[in-house]
Amino acid sequence: MTIQRRKIIVQAAAACAVATLQPWKAASAQLAWPSKTIKFVNMAPPGTAPDVYNRIYAERLSKAMNVPVIIENRPGVAGNIASELVAKAPADGYTLLYTVSSSFTVNPWIYTKLTFDPEKEFRPVSPLLSQGAFIVANNDMPFKTVKELVDYATAHPGKLSYGTNGVGSFLHLIMELFSQSAQMQLLHVPYKGPPIIDVVSGHIPLCVEPAASAIPMINSGKVRAIAYSGGRRHAQFPNVPTIAETYPAVAVAGWHGIWAPAGVPTEVVEKLNAEITRITQTPDVQKLIAEMGSEPMSTSVDAMANMVRTEKRTWGDLVKAKKITVD
């Protein structure tokens, strides 16, 4: 065998060995996840409920995965800023979106100029918790029950005003659904922030407030709780009825969840879902969530995707009927 021929054979054998190793390397890299910092892009400002909840999970996920887990707050445009950033991030499982359900169930209907497709560019990872909202009134208002509120609004069509955190927000849609079911006309007053302070002072008679921020004001007696939007009475206020007890169609709660860019491998998504579910089901996290007025929530990736599709249809019908848009 000539030296040249021996050299060619050796080179070919080496090439085969490298080719054989390539799939092993790819599999090893995949199995190694996570091997570096995981980042949550959060749709809310620091100190708000979504940020606080996110930090509860980030701390525990970091310990479980043995890697740093950080939070980058990107508030604005009802979660669209954070969503757009994550939609364009590498699909490697290291950049995740923490947002509220309305980002995927409401925003596609009310924002006609989104620069990303929420359905095509994301895949669900795990829900975390659900939270309804309280309809609260100034203490001097003459109504104390759902029926009395509806009777008052019917007697004063278009004059009873209520505040929410903005046009097209989840809170706004709760009241639109309520108004539709009760066949009453209310006047919506959108705020850039929580309107509950103006209810306390009497500048507006009503507002819809998430449970986490409404509970302290109700407990202090600064506002009167008229009803709760969830499917069952809130655990901390068993004497406050749900809207659904009078109008069954109005049994709605928002929820927080985690999403990943669409291309993140299934095994990474499933691993995240399993670990987040485990965290949610620990007694200390369940206690923390309950103390902030919410309910722990966990389900499979597929079930979460079905939830999004179902709720998106519901809110889409309402948005179209009411012609709600923000752009």
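**Note on the predicted chain: sheets, helices and backbone exceptions**

1. Strands S1 and S3 (residues 95–100) run parallel and are joined by 4 bridges. Within this pair, Lys39 has Thr95 of S3 as its bridge partner. Strands are DSSP runs of E with at least two residues, helices are runs of H or I with at least four, and both are numbered from the N terminus. Two strands pair if DSSP finds at least two bridges between them.

2. Residues are numbered from 1 along each chain as its sequence is written, and side-chain values use heavy atoms, with hydrogens and water left out.

3. The chain as a whole has 12 helices and 11 strands. Its C-alpha atoms fill a box of roughly 105 × 40 × 30 Å along the principal axes. Of its 327 residues, 48% count as buried; buried means under 20% relative accessible area, exposed means over 50%, and partly exposed lies in between, with a 1.4 Å probe and protein chains only. The chain exposes about 15500 Å², of which carbon and sulfur atoms supply 57%. Among contacts with a separation of 6 or more, 77% come from residues 24 or more positions apart; a contact means heavy atoms within 4.5 Å.

4. Which strands form the edges of the open sheet? The sheet has 6 strands in the order S2-S1-S3-S10-S4-S11, with mixed pairing. Its edge strands are S2 (69–73) and S11 (295–296), each of which pairs on one side only. Helix H2 packs on this sheet and touches S1, S2, S3, S4 (122–131) and S10 (254–261), and the direction of H2 makes about 160° with that of S2. Helix H3 (residues 80–87) lies across S1, S2, S3, S4 and S10, running at about 155° to S3. Such angles run from 0 to 180 degrees between N-to-C directions, and axes are lines fitted to C-alpha atoms, for helices over the stretch in contact.

5. Helix H2 (residues 49–65) also packs with helix H11 (residues 283–291), at an angle of about 170° and with the axes 11 Å apart. The two helices are therefore roughly antiparallel, a label for angles over 145 degrees; those under 35 count as roughly parallel, 65 to 115 as roughly perpendicular and the rest as oblique. From H2, Tyr53, Ile56, Tyr57 and Arg60 meet Asp284, Val285, Leu288 and Ile289 of H11. By class, this contact has 6 nonpolar, no polar and 2 charged residues. Here Ala, Val, Leu, Ile, Met, Phe, Trp, Tyr, Cys and Pro count as nonpolar, Asp, Glu, Lys and Arg as charged, and the others, Gly among them, as polar.

6. Is strand S5 (residues 133–137) mostly covered or uncovered? Strand S5 is mostly covered, with 5 of its 5 residues buried. Ala133, Ile135 and Ala137 point one way from S5, Phe134 and Val136 point the other way, and all are buried. S5 pairs with S8 (residues 206–210) in the antiparallel sense over 5 bridges, and Ala133 stands opposite Pro210 in S8. S5 also runs antiparallel to S9 (residues 224–228), to which 4 bridges join it; there, Phe134 stands opposite Tyr228.

7. Some backbone details deserve a student's attention. Most residues other than glycine have a negative phi, and most peptide bonds are trans. The peptide bond from Trp33 to Pro34 is cis, with omega near 0°; Pro34 is in the loop between helix H1 (3–31) and strand S1 (38–42). Gln183 has a positive phi of about 55° although it is not a glycine. Gln183 is placed in the loop between H7 (170–182) and S7 (187–190), and it counts as exposed at 73% relative accessibility. Lys323, likewise not a glycine, has a positive phi of about 55°. Lys323 lies in the segment after helix H12 (301–322) and is exposed, with a relative accessible area of 71%.

8. A last point concerns Ala303, which is found in helix H12. Ala303 is partly exposed, with a relative accessible area of 24%. Ala303 and Met175 are 128 residues apart in sequence and 27 Å apart in space, C-alpha to C-alpha.

Methods:
This is a predicted model: local features need pLDDT of at least 70, side-chain atom pairs count only at pLDDT 80 or more; totals for chains, interfaces and linings use all residues. Accessible areas come from the Shrake-Rupley method with a 1.4 Å probe; for residues, only the protein chains shown count as cover.
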